[in-house]
Amino acid sequence: MIKIPKSIYRTIIEHARREAPLECCGILGGREGAVEKAFDLSNTERSQVRYSMSPQEQLKAFEEMDRESLEMVAIYHSHTHTISFPSETDVKLAFYPEVASVIISLKEETPVVKAFRIKEDAIYSEEIEVI
Ligand SMILES: [Zn+2]
């Protein structure tokens, strides 16, 4: 289970809306599954169907997490036209099996945020608790 504070939950939805119709992406840092900080990164693909996190910004986020003793709890990205479920590309490009994948869908008027874990091409749902 991933715990996300309400303010961060709102922040990542706003990020998704700001970038739409392009996909947004970022990292959620925290401790023991509890998110404490969101890092919004540039999607270098500038695409509506896929994302790639800026390597420089990713490095900066990792450095900041190191300094604050945070771990990478999740990677988030948005689906601006499809449901909150990993796409084929998401499964293929899941490089961090130990890190949850949070997907913000803007398909419906009310955004849907769900978390998954992708391990060896299998998709597992992960519960999100907004605290
Ligand atoms: Zn996706």
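These legends describe close-up views of a predicted model.

**View 1. The largest nonpolar core has 20 residues.**
Ile-2, Ile-4, Leu-28, Val-102 and Ile-104 have the most contacts inside this core. Five elements each supply at least two of its residues: β1 (2-4), α1 (6-19), β4 (71-79), β5 (100-105) and β6 (112-119). Helix α1 gives the most, with five residues.

**View 2. Val-102 and its contacts.**
Val-102 is among the residues with the most contacts inside the largest core. Setting aside residues up to four places away in sequence, Val-102 touches Ile-2, Ile-12 and Leu-28, along with Ala-74, Ile-75, Tyr-76 and His-77. Val-113, Lys-114 and Ala-115 are also touched by Val-102. Another core, of twelve residues, lies apart from the largest one. Ile-27, Ala-61, Met-65 and Ile-75 are among its members.

**View 3. Helix α2 spans residues 55-67.**
The helix has 13 residues. From first C-alpha to last it reaches 18 Å, close to the 18 Å expected at 1.5 Å a residue. Gln-58, Ala-61 and Met-65 are buried in α2. Seen down the helix axis, the buried residues of α2 fall within an arc of 60°, so they line one face. These buried residues pack against β2 (25-31), β3 (34-41) and β4. Which exposed residues sit on the face of α2 turned away from its buried side? They are Gln-56, Leu-59, Lys-60, Asp-66 and Arg-67.

**View 4. Ser-69 follows helix α2.**
Ser-69 lies in the loop between α2 and β4. Its phi is positive, about 50°, although Ser-69 is not a glycine. Most residues other than glycine have a negative phi. Ser-69 counts as exposed, at 52% relative accessibility.

**View 5. Arg-46 and Ser-47 in the loop between β3 and α2.**
Arg-46 also has a positive phi without being a glycine; the value is near 40°. Is Arg-46 buried or exposed? Arg-46 is exposed, at 59% relative accessibility. Ser-47, in contrast, is buried, at 12%. Leaving aside neighbours within four places in sequence, Ser-47 contacts Leu-22 and Glu-23.

**View 6. A cis peptide bond joins Ala-20 and Pro-21.**
Omega is about 10° at this bond. Most peptide bonds are trans. Pro-21 is found in the loop between α1 and β2.

A disulfide needs the two sulfur atoms within 2.5 Å. Cys-25 is likewise in no disulfide, as its nearest cysteine sulfur is that of Cys-24. Both residues are buried: Cys-24 has a relative accessibility of 1%, and Cys-25 has a relative accessible area of 0%.

**View 7. Phe-85 and Phe-116 form an aromatic pair.**
The count of aromatic pairs in the model is one. The ring centres of Phe-85 and Phe-116 are 5.3 Å apart and the planes stand at 80°, so the pair is edge-to-face. Planes over 60 degrees apart count as edge-to-face. The pair links distant parts of the chain, 31 residues apart. Phe-85 is in the loop between β4 and α3 (88-92), and Phe-116 is in strand β6. Phe-116 is buried, with a value of 3%.

**View 8. Ser-101 in strand β5.**
Ser-101 counts as buried, at 10% relative accessibility. Not counting residues up to four places away in sequence, Ser-101 touches Ile-75, His-77, Lys-114, Ala-115, Phe-116 and Ile-118. Phe-116 is thus a contact of Ser-101 and a member of the aromatic pair with Phe-85. Ser-101 and Ser-125 are 24 residues apart in sequence. In space, their C-alpha atoms are 9.5 Å apart.

Note on methods. Residues numbered from 1 in each chain as written. Predicted model: local features only at pLDDT ≥ 70, side-chain atom pairs only at ≥ 80, totals over all residues. Heavy atoms only, no water. Buried < 20%, exposed > 50% of the residue type's maximum accessible area, 1.4 Å probe, protein only. Core = buried A, V, L, I, M, F, W, Y, C linked by side-chain atoms within 4.5 Å. Helix = DSSP H or I, 4+ residues; strand = E, 2+ residues; numbered from the N terminus. Contact = heavy atoms within 4.5 Å. Expected span 1.5 Å × (residues − 1). Arc of directions from axis to C-beta. Phe/Tyr/Trp six-rings, centres within 6.5 Å; stacked < 30°, edge-to-face > 60°.
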